[in-house]
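Hi everyone, thanks for making time. Have the sequence and the 3D view open while I talk, and stop me if you get lost.

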Amino acid sequence: MLSVRPASDYHVHLRQGDITPMLVKELKQGGCQRALVMPNLKPPVTSTEQALGYWNTLRRLDDSIEYLVTLYLHPSITPAEIRKAAAAGVVGVKSYPRGVTTNSDSGIESYEVYYEVFKAMEECNMVLNLHGEVPSDADKNICVLNAEEHFLQHLQQLHADFPKLRIVLEHATTKAAVEMVRSLGDTVGCTITVHHLELTVDDWAGKNHNFCKPVAKYPSDRAALRQAVLDRHPRFFLGSDSAPHPRSAKEAACGCAGVFTGPLLLPYMASIFDGLGCLDYLEDFTSGNGDRFYQRPHSAERVTLKKEPFVVPTSYKYGTDGNEVVPFRAGEQLTWRTA
């Protein structure tokens, strides 16, 4: 048996509509008590009022979870809106380059035009959350396999221009990203997902339920992510990017990007950390490091995990029309489960 604090998941998608009640329920079942919730809804969450409305919707479903809401970086956001949002408890602002992932059509094309917004964020102690890719561009030889590496110069420049602004490079997938975050100051953190600790390009090519953005890369990249964990680097922490889509949207000619890990978040992580030989670091990675970076108190509650073979369900149903979502490693066996 293993007792740990509940997970603090600093990157999760709880969507909207009839899927959200299931996602909130399974978030708790997966051992999570605190969640940084992504704003890429339709329409995107670009105002304080929208963020608070979404927060209230989630709290009505389960108020035992701490939901940290964010804004979607957009031309309509002003320094005044940032100050208003910060005063209302909005934690961060998420940047999506245009067109790189789900519901990113309203994403940004230039960071310089937002410098006054970033200055206000720095002054208000808000976090800038970066989806670290640039759009594919055949003329520049940029595609999903190197889009993250091409983005890193922007991270470096933003940190140089706003050294006191807390910045999180989300869902890192490359050795280059790990090395860049290591080289920068204490105000730069980085999230790592469950699936990127497990997958490489061979695991998603032709396998829609493992396809996500950013895509998993080479074995050497996965090794670098694992090494950041094994080195117990304090600025790397859990952000699952649990991103569910209906089975019909995944099993399609052009399947949606996203891997669903929320329902079994701590069992997935315990199984991975046990395999890496660092189970004693599970609590720090899944809550401690992220809580410190986000300046949140540690939970006083505990979750008990048991080392026992457990088969991942084949799907999670939601709504009234027989819709379902297929989880990561559906039908496969984990070595840990919640007790």
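This is a predicted model: local features need pLDDT of at least 70, side-chain atom pairs count only at pLDDT 80 or more; totals for chains, interfaces and linings use all residues.

Residues are numbered from 1 along each chain as its sequence is written, and side-chain values use heavy atoms, with hydrogens and water left out.

Okay, the big picture. The chain has 11 helices and 13 strands; those are DSSP runs numbered from the N terminus, with helices being H or I of at least four residues and strands being E of at least two. Its radius of gyration is 19 Å, close to the 20 Å from the globule rule for 339 residues, so the chain is as compact as a globular protein of that length. That radius is taken over C-alpha atoms, and the rule is 2.2 Å times the number of residues to the power 0.38. The C-alpha trace spans about 50 × 45 × 40 Å along its principal axes.

For angles, axes are lines fitted to C-alpha atoms, for helices over the stretch in contact, and values run from 0 to 180 degrees between N-to-C directions.

Zoom in on E3 and strand E4 (residues 66–72): they pair in the parallel sense over four bridges, and leucine 36 stands opposite leucine 68 in E4. Contact here means heavy atoms within 4.5 Å.

There's also an open sheet of three strands, E1-E10-E13, and its pairing is antiparallel. What runs across it? Helix H10 (residues 265–276) lies across E1, E10 and E13, at about 120° to E13. E1 pairs with strand E10 (residues 303–311) over three bridges, with valine 303 in E10 as the bridge partner of valine 4.

Next, a helix pair. The axes of helix H6 (residues 175–183) and helix H8 (residues 219–230) come within 8 Å and cross at roughly 35°. From H6, Lys175, Val178 and Arg182 meet a set of H8 residues including Asp221, Ala224 and Leu225.

Where are the cis peptide bonds I'd like you to look at? One runs from lysine 42 to proline 43, with omega near -5°, and proline 43 is in the loop between strand E3 (32–37) and helix H2 (48–61). Another joins lysine 213 and proline 214, with omega about 0°. Asparagine 141 is worth a look too: it isn't a glycine, yet its phi is positive, about 60°.

Last stop, the second largest pocket. Its lining includes Lys207, His209, Phe328 and Arg329. A pocket, on a 1 Å grid over the protein atoms alone, is an open set of points where a 1.4 Å probe fits, with protein on both sides within 12 Å along at least five of seven lines; lining residues have an atom within 4 Å of a point.

That's the tour, so over to you.

Key
Two strands pair if DSSP finds at least two bridges between them.
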